Amino acid sequence: MRAMKGTTILCVRRGNVVAMAGDGQVTLGDQVIKEGAKKVRRLYDGRVLTGFAGGTADAMTLLERFEKRLAEHSGNLVRAATELVKDWRTDRVLRRLEAMMLVADRGTTLLLSGAGDILEPEGEACAIGSGAGYALAAARALLESSDARADEIARRSLVIASKICIYTNDSITLEVLED
């Protein structure tokens with residue numbers, strides 16, 4: 001997997017709360033083109049969270065395909081992700097797409113890539129994009145040192161990443177699943 005340049009997406013789980021946060025910065029080369037892009041979305045009647053890093057058009061194409069796969073598999077996250085990654089890996093057009101996705105429902109978080117990866121991360125946090133390392137480190141530290149909710153940790157971690165990564169800003173989209 002190669003690191004995607006241009007965004008940060010973080011998923012945090014704590015107790016019965018799943019939070020996914022993404023920054024809003026879109027860059028083209030060394031210029032900021034947009035500050036308030038929405039890279040985290042709810043799918044399947046709000047029961048699935050998804051965030052993407054990479055080329056915007058590529059990510060939108062994959063997002064549409066994933067949404068179709070979710071519908072085909074009645075919201076089964078693992079089956080939909082498996083089918084998407086199979087398409088992504090084998091389809092002549094899709095395999096050229098440069099993006100990564102984090103997807104989550106109440107029970108599972110998965111990292112998806114065009115290299116054929118479907119990874120279920122260990123622990124309570126996972127991140128993708130250029131600021132992933134910074135956001136993940138902050139989230140892990142906050143998970144160990146505080147009793148904060150998943151959504152608070154996700155937001156604070158993205159703010160920390162935005163102060164370090166030049167491709168990440170503090171215009172944050174946050175989506176939460178909870179009982």
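**Exercise 1. State where Leu 112 is placed and whether Leu 112 is buried or exposed.**

Solution. Step 1: Leu 112 belongs to strand E8, which spans residues 109-113. Helices (H or I, at least four residues) and strands (E, at least two) are DSSP runs, numbered from the N terminus. The model is predicted: local features need pLDDT of at least 70, side-chain atom pairs count only at pLDDT 80 or more, and totals for chains, interfaces and linings use all residues. Residues are numbered from 1 along each chain as its sequence is written, and side-chain values use heavy atoms, with hydrogens and water left out.

Step 1: The relative accessible area of Leu 112 is 0%, so Leu 112 is buried. Buried means under 20% relative accessible area, exposed over 50%, and partly exposed in between (1.4 Å probe, protein chains only).

Step 2: Neighbours within four places in sequence are left aside, and the contacts of Leu 112 then include Ala 81, Leu 84, Val 85 and Trp 88, together with Met 100, Met 101 and Val 103. Contact means heavy atoms within 4.5 Å.

Step 3: Cys 165 lies 53 residues from Leu 112 along the chain, and their C-alpha atoms are separated by 22 Å.

**Exercise 2. Describe how H1 and H2 pack, and which residues meet.**

Solution. Step 1: Helix H1 (residues 56-72) packs against H2 at about 135 degrees, and the axes are 8 Å apart. Axes are lines fitted to C-alpha atoms, for helices over the stretch in contact, and angles run from 0 to 180 degrees between N-to-C directions.

Step 1: H1 and H2 are therefore oblique to each other. Angles under 35 degrees count as roughly parallel, over 145 as roughly antiparallel, 65 to 115 as roughly perpendicular, and the rest as oblique.

Step 2: The crossing of H1 and H2 is right-handed. A crossing is left-handed if the near helix is turned anticlockwise from the far one by less than a right angle, and right-handed if clockwise.

Step 3: From H1, the residues Leu 62, Arg 65, Phe 66, Arg 69 and Leu 70 take part; they meet residues of H2 including Leu 77, Ala 81, Leu 84 and Trp 88.

Step 4: Ser 74 lies in the loop between H1 and H2. Its phi is positive, about 50 degrees, although Ser 74 is not a glycine. Most residues other than glycine have a negative phi. With 58% relative accessibility, Ser 74 counts as exposed.

**Exercise 3. Describe the crossing of H3 and H4 and the core to which they contribute.**

Solution. Step 1: The axes of H3 and H4 come within 8 Å and cross at roughly 135 degrees. These two helices are therefore oblique to each other, and their crossing is right-handed. Among the residues making the contact are Ala 138, Ala 139 and Leu 142 of H3 and Ile 153 and Ile 160 of H4.

Step 1: The largest nonpolar core has 21 residues, of which Leu 10, Val 12, Ala 125, Ala 139, Ile 153 and Ala 154 touch the most other members. A nonpolar core is a set of buried Ala, Val, Leu, Ile, Met, Phe, Trp, Tyr and Cys residues joined through side-chain atoms within 4.5 Å.

Step 2: Two or more residues of this core come from each of strand E1 (8-14), strand E2 (17-22), strand E10 (125-129), H3 and H4. H3 gives the largest share, six residues.

Step 3: A second, separate core holds 19 residues, including Phe 66, Leu 77, Ala 81 and Leu 110.
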